[in-house]
Amino acid sequence: MSEEIETGVEEIIDITSEEALEGPGDEDFMAELDALRAERDEFRDRFMRAVADAENSRKRADRDRKEAENYGGSKLARDMLPVFDNMKRAVDAITEEQRAQQAALIEGIELTMRELLNVFGKHGIQIISPDVGEKFDPNQHEAMFEAPVPGTKAGDIIQVMNVGFMIHDRLLRPAQVGVSSTPA
C-alpha cells in the first residue's frame, strides 16, 4: 500500500512539474514543489525506519520468547540436580540382600528415578556422562583432581564422580571427573 501512495504522489508531482514547465516560470511554485519532494522523502525515510524498527522488535521478541521457553526453567532444573544425585546414590548403595527384602520399595525408588529422567528429557535436559578414558573437555567437565595413572595419557578421564547436565545447548552443571596427569 505504501508503494501505491508513493507512486501516486510521484505521479502528481511529475504532472505538476510538467505543467509548471509548460507555463510561465513560477519560482514560488517550484520552491513549494521542492519542499513537497523533500517532505515526501523525509516521510518515506521515517516510514522505512519505522518498518525496520517494527521488524527488529518482532525478531527480538521471537528470540526472547524462544530463550524463555528453552531456558526459563534452568533455575528449577539446577535445583533438582541434587535430588537426582541423592536418588542415584541411594539406588547405587542398595545391596542384593536389601533388594531381596525390600523389592517393592526399591522398585518404587527406581521408577521415581526413571520418571525424573523422563521429565528432564521432556524439558531438554540431558545427562553428560563421560566414560573413563575419554578426553577431558573443559566445556563439559570439571576436573576435581589430577593423578598420574599408568597406561593413560595426560588429560584422560580416570574417574567420574558426578554426571553433568545440559539444558538444550547450555551447560547446567559440568560432570565432575578425575583427570590423568601422566605425561605422554
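**Exercise 1. Is D41 buried, partly exposed or exposed, and what is its relative accessible area? Then describe its salt bridge.**

Solution. The model used in these exercises is predicted.

Step 1. Buried means under 20% relative accessible area, exposed means over 50%, and partly exposed lies in between.

Step 2. D41 has a relative accessible area of 36%, so D41 is partly exposed.

Step 3. The partner of D41 in a salt bridge is R44, and the closest N and O atoms are 3.9 Å apart. The cut-off for a salt bridge is 4 Å between a side-chain nitrogen of Lys or Arg and a carboxyl oxygen of Asp or Glu.

Step 4. R44 has a relative accessible area of 26% and is therefore partly exposed.

Step 5. D41 and R44 are three residues apart in helix α2, which means that about one helical turn separates them.

Step 6. A network of salt bridges links R40, D41 and R44.

**Exercise 2. Which side chain meets that of R65 in a salt bridge? Classify both residues by accessibility.**

Solution. 

Step 1. The side chain of R65 meets that of E69, at 3.4 Å from N to O.

Step 2. The two residues, R65 and E69, lie four residues apart in helix α2, so they are separated by about one helical turn.

Step 3. R65 has a relative accessible area of 44% and is therefore partly exposed. E69 has 57% and so counts as exposed.

**Exercise 3. Which residue forms a salt bridge with E110, and in which helices do the two residues lie?**

Solution. 

Step 1. The side chains of E110 and R99 meet in a salt bridge, with a distance of 2.9 Å from N to O.

Step 2. E110 is in helix α5 and R99 is in helix α4 (residues 96–101), 11 residues apart, and the pair links distant parts of the chain.

Step 3. E110, with a relative accessible area of 21%, is partly exposed. R99, at 27% relative accessibility, is partly exposed as well.

Step 4. The count of salt bridges comes to 12. As background, side chains of opposite charge can pair when their charged atoms come close.

**Exercise 4. At what angle do the axes of helix α3 and helix α5 cross, and which residues make the contact?**

Solution. 

Step 1. Helix α3 covers residues 74–92 and helix α5 covers residues 103–122. Their axes come within 10 Å and cross at roughly 145°.

Step 2. The crossing of α3 with α5 is left-handed.

Step 3. On the α3 side, the contact is made by M80, L81, V83, F84, M87, K88 and V91. On the α5 side, it is made by I109, E110, T112, M113, L116, L117 and F120.

**Exercise 5. Where is F165 placed, and which residues does F165 touch?**

Solution. 

Step 1. F165 belongs to strand β4. Its relative accessibility is 0%, so F165 counts as buried.

Step 2. Leaving out residues up to four places away in sequence, F165 touches L81, F84, F120, I125, Q126, I127, I128, R170, L171, L172 and R173.

Step 3. I125 is 40 residues from F165 along the chain, and the C-alpha atoms of the two are separated by 6.6 Å.

Step 4. S74, in helix α3, is buried because its relative accessibility is 12%. With residues up to four places away in sequence left out, S74 touches I167 and L172.

**Exercise 6. Where is H168, and what is its phi?**

Solution. 

Step 1. H168 lies in the loop between β4 (164–167) and β5 (170–173).

Step 2. The phi of H168 is positive, about 55°, although H168 is not a glycine.

Step 3. H168 has a relative accessible area of 31%, so H168 is partly exposed.

**Exercise 7. Which residues form a nonpolar patch on the surface? Then describe the whole chain.**

Solution. 

Step 1. The patch consists of F47, M48 and V51, which together have about 270 Å² of accessible area.

Step 2. V51 is in helix α2 (residues 27–71). At 41% relative accessibility, V51 is therefore partly exposed.

Step 3. The protein chain has five helices and six strands, in the order α-α-α-α-α-β-β-β-β-β-β along the sequence.

Step 4. Of the 184 residues in the protein chain, 23% are buried. The accessible surface of the chain is about 12900 Å², with 54% belonging to carbon and sulfur atoms.

Definitions and conventions
Residues numbered from 1 in each chain as written. Predicted model: local features only at pLDDT ≥ 70, side-chain atom pairs only at ≥ 80, totals over all residues. Heavy atoms only, no water. Patch = residues over 30% accessible without salt bridge, like charges linked within 9 Å, V, L, I, M, F, W, Y side chains within 5 Å. Areas by Shrake-Rupley, 256 points an atom, 1.4 Å probe, with all protein chains shown as cover. Buried < 20%, exposed > 50% of the residue type's maximum accessible area, 1.4 Å probe, protein only. Axes fitted to C-alpha atoms, helices over the stretch in contact; angles between N-to-C directions. Left-handed = near helix turned anticlockwise from the far one by under 90°. Contact = heavy atoms within 4.5 Å.
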